[in-house]
Amino acid sequence: EPPLSAVAASYCEAIASLPAVVEWVALAHQEESRIAQYEKESLCGIDKLQIPPLRFLGDARLMQVQPAMETSDAGTDACREMVSILKRAMGHYGGIGIAAPQIGLWSRVFVFG
């Protein structure tokens, strides 16, 4: 059995991390609302320049194997549009890279840099 001081320290660490967990859960909930709104609007073809919302761990679709991009698709308008959306999303959300499934583009594509 660990000493009481070790248990107390673990408890204090857990309590200290709660604000970050609560913030992450609130952000995930907010993004879920944005995802639903974005999907509704994209079905209607509204504002294709809009930056898609982020998908978070727990979204079952993120765990599915996505179709690979074929070499023949690399120069198409659809591919260029996907890369453009990924670059804008990466700039908007920050970071050094982003994968297509992270913003609901169901393909095995990523950008970085």
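**Notebook: a predicted model**

I began with Ser107, which is buried at a relative accessible area of 9%. The model I am reading is predicted. Ser107 has its place in the loop between β1 (97–99) and β2 (110–112). Leaving out residues up to four places away in sequence, I listed what Ser107 touches: Gln66, Pro67, Met69, Met82, Ala100 and Pro101.

I then looked up Leu105. Not counting residues up to four places away in sequence, Leu105 touches Met82, Ile85, Leu86 and Ala100. I noted beside this that nonpolar side chains tend to be buried together in soluble globular proteins.

**Aromatic rings**

How many aromatic pairs are there? I found one aromatic pair. The ring centres of Phe110 and Phe112 are 5.9 Å apart and the planes lie at 20°, so this pair is stacked. The cut-off I applied for stacked is planes under 30 degrees apart.

**Salt bridges**

I counted three salt bridges in the structure.

For the bridge between Asp77 and Arg80, I read 2.8 Å between the closest N and O atoms. Where do Asp77 and Arg80 stand relative to each other? They are three residues apart in helix α2, so about one helical turn separates them. Asp77 counts as exposed because its relative accessibility is 58%. Arg80, with a relative accessible area of 48%, is partly exposed.

The other entries concern a network: salt bridges that share partners join Arg55, Asp59 and Arg61. Arg55 pairs with Asp59, with the closest N and O atoms 3.4 Å apart. I also logged a polar contact of 3.4 Å between the side chains of Arg55 and Asp59. The side chains of Arg61 and Asp59 meet in a salt bridge at 3.2 Å, N to O.

Is Arg55 buried or exposed? Arg55 counts as buried because its relative accessibility is 8%, and buried means under 20%. Arg55 sits in the loop between α1 (4–43) and α2. Asp59 is buried as well, with a relative accessible area of 15%. Arg61, at 32% relative accessibility, counts as partly exposed.

How values were computed. Residues numbered from 1 in each chain as written. Predicted model: local features only at pLDDT ≥ 70, side-chain atom pairs only at ≥ 80, totals over all residues. Heavy atoms only, no water. Contact = heavy atoms within 4.5 Å. Helix = DSSP H or I, 4+ residues; strand = E, 2+ residues; numbered from the N terminus. Buried < 20%, exposed > 50% of the residue type's maximum accessible area, 1.4 Å probe, protein only. Polar contact = N/O pair within 3.5 Å; in protein donor to acceptor, adjacent residues only side chain to side chain. Phe/Tyr/Trp six-rings, centres within 6.5 Å; stacked < 30°, edge-to-face > 60°. Salt bridge = Lys/Arg side-chain N within 4 Å of Asp/Glu carboxyl O.
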